[in-house]
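Subject: Structure for your files

Hello,

Here is the structure I said I would pass on. My notes on it follow below.

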Amino acid sequence: MCMVIFAPLFAIFAFATCGGYSGGLRLSVDCINKTESNLSIDIAFAYPFRLHQVTFEVPTCEGKERQKLALIGDSSSSAEFFVTVAVFAFLYSLAATVVYIFFQNKYRENNRGPLIDFIVTVVFSFLWLVGSSAWAKGLSDVKVATDPKEVLSLMSACKQPYNKCIAVHSPVMSSLNTSVVFGFLNFILWAGNIWFVFKETCWHSSGQRYLSDPMEKHSSGYNQGGYNQDSYGSSGGYSQEASLGQSSDEFGQQPSGQAAFTNQI
C-alpha cells in the first residue's frame, strides 16, 4: 500500500524539481572608465543543463570591445536520464495501482503478474540508484560551472587589478538538491518493495513448499514408526496370552487323565 501511495508522489517530485528548473546569476564588471562598465550581466541556464551552449557578453574594459564567453560543462546526459527514469517510474506506478485495484484476478492469473511486477521493480530500483548517483555528480558539476567566482575567472577584464568584478546574485540550487534527495528516496522505496513483490511470486511459494515437504516426510515417518510399535506390542501381547492359555489348558487336562487311570485300577 505504501508503494501505491508514495511511488507516484516521489516520482513527481523527482522529475518536477529537476526538469522544471531554471536559474541564473548576475555579475557586475566595474571598469576604470565607467562608460565601459556593465553592472548587470545576467546569465540564465535551465534544464537539461547544456552549459556550454549558454553564452553571454562581458566588457573587456578596453574600449567598446566586448568579449563573448560560454559556461563550461554539459550535464544534460545525467539530468535527462534521471528525469526519464522518474517519468517512466511514475507511469508504471500508476498502471500498477490500477491493476492492483481493478484487475486483481488478472494480476494473479498464471502467476505472470507477480513475476512481471517483481522483475520491473528490480529494474527500476537499479535505474533509480544509477540515475540518482549520476545526477548527483552532474549537479556537482553544474554548481562548479555556475559558481560566480568560476565565471568571473573567465573574464579578461577581471584579471586586471584595477577593474572591480563582483557577483550580484548567485544561482539558487535548493530545488535541484531536492531532486537528488527524492531520487535516492525513490531508490529506497523501490528497493524496499522488492521483498513484498517477491512474496507474491511462485518462486517464494515453491521455496516454502520445498521447506515444508521434508518436515512432512519426517513427521509421517515418525507416526508410522509409532504405529508399528503399537501393533507389534499388541500382537506380542496377544500371542503371549494365547500361549499362556494353551499351557493352562494342558496343565488342567493332566488331573483328569490321572482320575481315569485310578478308576481302571
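R26 is partly exposed, with a relative accessible area of 35%; buried means under 20% relative accessible area, exposed over 50%, and partly exposed in between (1.4 Å probe, protein chains only). R26 forms a salt bridge with D42, and their closest N and O atoms are 2.6 Å apart. A salt bridge here is a side-chain nitrogen of Lys or Arg within 4 Å of a carboxyl oxygen of Asp or Glu. D42 lies in strand β2 (residues 38-46) and R26 in strand β1 (residues 22-30), so the pair ties together parts that are 16 residues apart in sequence. D42 is also partly exposed, at 47% relative accessible area.

This is a predicted model, so local features need pLDDT of at least 70 and side-chain atom pairs count only at pLDDT 80 or more, while totals for chains, interfaces and linings use all residues. Residues are numbered from 1 along each chain as its sequence is written, and side-chain values use heavy atoms, with hydrogens and water left out.

By the salt-bridge rule the count comes to four. Among them is the pair D30 and K34, with 3.1 Å between the closest N and O atoms. K34 is exposed, with a relative accessible area of 56%. Another is K137 with D141, where the closest N and O atoms are 3.0 Å apart. Both K137 and D141 lie in helix α4 (residues 112-145), four residues apart, about one turn of the helix. D141 is partly exposed at 35%.

F81, F126, L129, V130 and F184 form a nonpolar patch with about 400 Å² of accessible area together. Patches are made of residues with over 30% relative accessible area and no salt bridge, with like charges joined within 9 Å and nonpolar side chains (Val, Leu, Ile, Met, Phe, Trp, Tyr) within 5 Å. Areas come from the Shrake-Rupley method with a 1.4 Å probe; for residues, only the protein chains shown count as cover. The largest share of the patch, three residues, comes from α4. L129 lies in that helix and is partly exposed at 33% relative accessibility.

The unreviewed UniProt entry annotates "transmembrane region" over residues 81-103, 115-136 and 180-198. Such positions are given in the numbering used here, with feature names shortened, and annotations may be inferred rather than shown by experiment. In the model, residues 115-136 are 100% helix and 0% strand, with end C-alpha atoms 32 Å apart. Residues 180-198 are likewise 100% helix and 0% strand, and their end C-alpha atoms lie 28 Å apart.

Helices (H or I, at least four residues) and strands (E, at least two) are DSSP runs, numbered from the N terminus. Of the 265 residues, 32% are buried. The accessible surface comes to about 16,400 Å², and 61% of it belongs to carbon and sulfur atoms. Among contacts (heavy atoms within 4.5 Å) with a separation of 6 or more, 71% are between residues 24 or more positions apart.

Last, confidence. The mean pLDDT (the predictor's confidence in each residue, from 0 to 100) of the chain is 79, and 72% of residues reach 70 or more. Over residues 207-215 the pLDDT is below 50, and beyond near neighbours in sequence this stretch has zero contacts in the model.

Regards
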